Amino acid sequence: MRALTYHGATDVRVDTVPDPILEAPDDIILRVTATAICGSDLHLYHGKIPQTESGDIFGHEFMGVVEEVGSEVSAVSGVYAGFIHGFLFGDAFDKGLTFKMGQTHVQRFLPERLEHIEAGRLQPELIITHRLALEEAPLGYQLFDKKQDDCRKVILVTGAAAGTLGADHEYA
Ligand SMILES: [Zn+2]
């Protein structure tokens, strides 16, 4: 499969990597149809997370189609993948640090927001400034990182040919 991979600070490339396989009974394999670049991806992009290694695949804001499920999976309600091993929890443990974490407030307000979206009062897609092919992901990272071309949110579409979506496509 094709994936955005890390090769050092601000050096990301789209490479061919091994296809995923089910490893645990609660794994799923998702065929990604679109993904977004998150502000938190920029910490990785800048090389600020020490455990990031050359060849690591970035991205956690994706959507797609479930292609395969492990033996213990009966339903898939939502998918969110993070990069939790990038944080040095062992070091934090040694120093006695306390973490407080939680899901963003988005979850709590989701029903109300969906109501506004369905009624046409809220258009969350207006935040999208760039739609690019996955193959153009390095350009997307650069635009988003430097806030070039008034970049606010980049959507990467898998399977699209580079140059076909436009670097400044406004969502209609
Ligand atoms: Zn995110």
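This is a predicted model: local features need pLDDT of at least 70, side-chain atom pairs count only at pLDDT 80 or more; totals for chains, interfaces and linings use all residues.
An open sheet of mixed pairing is built from 4 strands, arranged in the order S4-S3-S6-S5. From one strand to the next, the twist averages 30°. Strand S3 (residues 28-36) runs antiparallel to S4, and 8 bridges join the two. Across this pairing, Arg-31 lies opposite Val-65 in S4.

The largest nonpolar core comprises 17 residues. Val-12, Ala-137, Tyr-141, Val-154 and Leu-156 have the most contacts inside this core. At least two core residues come from each of strand S1 (2-6), helix H1 (41-45), helix H4 (137-146) and strand S6 (154-157). The contribution of H4, 4 residues, is the greatest. When neighbours within four places in sequence are left aside, the contacts of Leu-156 are Ala-34, Thr-35, Leu-132, Leu-134, Ala-137 and Gly-140.

Positive phi values in residues other than glycine were found at Thr-10, near 60°, and at Lys-147, near 55°. Thr-10 is placed in the loop between S1 and strand S2 (12-16), whereas Lys-147 is placed in the loop between H4 and S6. Thr-10 has 15 C-beta neighbours inside 10 Å and therefore counts as partly exposed. Lys-147 is exposed, because 9 other C-beta atoms lie within 10 Å and the exposed class covers counts of 12 or fewer.

Technical notes: Residues are numbered from 1 along each chain as its sequence is written. Two strands pair if DSSP finds at least two bridges between them. Axes are lines fitted to C-alpha atoms, for helices over the stretch in contact, and angles run from 0 to 180 degrees between N-to-C directions. A nonpolar core is a set of buried Ala, Val, Leu, Ile, Met, Phe, Trp, Tyr and Cys residues joined through C-beta atoms within 7 Å. A residue is buried if 20 or more other C-beta atoms lie within 10 Å of its own, exposed if 12 or fewer, and partly exposed in between; C-beta atoms are placed from the backbone. Two residues are in contact if their C-beta atoms, placed from the backbone, lie within 7 Å.
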